[in-house]
Amino acid sequence: MRLVFAGTPAVAVPSLRALAAGPHEIAAAITRSDAPLGRKRVLTPSPVAQVADELGIPVIKADRLDAEVTARIAELEPDLGVIVAYGGLVREPLLSTPAHGWINLHFSLLPRWRGAAPVQRALMAGDAVTGASVFQLVAALDAGDVFAEERYAVPAGATSATVLDDLADIGAPLLAGVVDGIADGSAVATPQRGEPTLAPKLTLDDGALDLTRDAETLLHQIAGVTPEPGAHTTFDGARFKVLRAAPSDAPPLPPGRVAASGKDVVVGTGTTPLRLDTVQPAGKGAMNASDWFRGLRTDEPELGS
């Protein structure tokens with residue numbers, strides 16, 4: 001079959017490579033425009049653009065799949081569109097432009113966590129199991145029939161970054177298998193079952209820690225918002241990032257109170273304390289929490305202050 005592939009970030013790269021290694025032709029890779037990266041804000045092609053260039057696949061850079069992009073894709077006469085984390089919506093008439101429409105690799109077990117941040121929302125909710133799904137793209141948000149899915153047990157201590165990396169690797173062969181099935185006519189899609197939940201894009205507020213909440217809920221929140229938008233509270237009126245934390249069996253502390261417990265630095269919550277492992281005070285780089293704590297000039301430091 002003749003494919004067009006739409007994707008942007010690194011998590012889309014395993015799928016692009018898997019399809020490029022298969023028997024199908026990728027007529028073009030559609031990806032978002034070059035973005036400024038680093039302290040010098042150097043315009044940099046997306047990971048998908050870089051790999052497509054490496055593989056000799058023509059690249060179409062577009063931030064919106066508008067009429068112009070639709071016309072360019074139509075000229076390629078694709079049999080199937082494949083989308084993985086492109087970062088934009090596919091609407092009509094583009095949705096119906098390929099002969100077999102579009103399929104999407106989504107990082108959840110649909111209909112749970114439809115939307116832009118399925119892994120982040122799953123971790124924030126404390127889901128022990130999530131996964132990857134390949135479904136037929138339709139006009140409604142992530143609502144199409146599912147061709148295949150793969151379950152994934154969330155490891156202890158995982159963050160959204162590590163889970164996304166794992167699901168990208170798990171999802172690539174799953175997606176390639178569905179493409180093969182569509183090509184030979186063996187692929188069968190079934191309607192989604194169950195009550196949908198939504199996974200809207202995270203904002204900075206999603207990372208704000210309320211230390212009066214229970215420790216387990218806070219750990220789930222930290223896992224889901226790491227690395228972006230990041231877990232944060234305040235210290236001495238300035239933003240204070242919590243980059244890594246873990247459960248602790250230290251004696252209870254008032255919410256927000258920071259103390260030494262043996263070799264650990266812990267902070268009180270609404271239930272049991274959390275161990276602070278890596279933190280980032282305002283204006284400084286990431287550091288071990290014990291190094292930060294030793295440098296304080298107050299006997300009873302409090303986060304959220």
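This protein exposes about 14,800 Å², by the Shrake-Rupley method with a 1.4 Å probe. Carbon and sulfur atoms supply 52% of that area.

A word on the source. This is a predicted model, where local features need pLDDT of at least 70, side-chain atom pairs count only at pLDDT 80 or more, and totals for chains, interfaces and linings use all residues. Residues are numbered from 1 along each chain as its sequence is written, and side-chain values use heavy atoms, with hydrogens and water left out.

Now the overall picture. There are seven helices and 15 strands; these are DSSP runs, H or I over at least four residues for helices, E over at least two for strands, numbered from the N terminus. Along the principal axes, the C-alpha atoms fill a box of roughly 70 × 45 × 30 Å. The chain has 305 residues, and 46% of them count as buried, meaning under 20% relative accessible area with a 1.4 Å probe, protein chains only. Take contacts between residues at least 6 apart in sequence: 64% join residues at least 24 apart. Contact here is heavy atoms within 4.5 Å.

On to the pockets. A pocket is an open set of points on a 1 Å grid over the protein atoms alone, where a 1.4 Å probe fits, with protein on both sides within 12 Å along at least five of seven lines; lining residues have an atom within 4 Å of a point. Volume is the space filled by probe spheres set on the points.

The largest pocket has about 1,500 Å³. Its lining takes 46 residues, with Ala85, Tyr86, Gly87, Ala116 and Ala117 nearest the centre. Elements giving two or more residues to that lining are β3 (35–37), β7 (102–106), α4 (118–124) and α5 (160–184).

The second largest pocket holds about 500 Å³. It is lined by 26 residues; Gly157, Ala158, Leu219, His220 and Ala223 are the closest to its centre. Two or more lining residues come from α6 (215–225) and from β11 (238–247). Helix α6 gives the most, six residues.

Buried or exposed? Leucine 218 counts as buried, because its relative accessibility is 1%. What does leucine 218 touch, leaving aside neighbours within four places in sequence? Its contacts are Leu209, Asp210, Leu211, Arg213, Thr269 and Leu274. Glycine 230 sits twelve residues along the chain from leucine 218, and their C-alpha atoms are 13 Å apart.

Conventions. Buried < 20%, exposed > 50% of the residue type's maximum accessible area, 1.4 Å probe, protein only.
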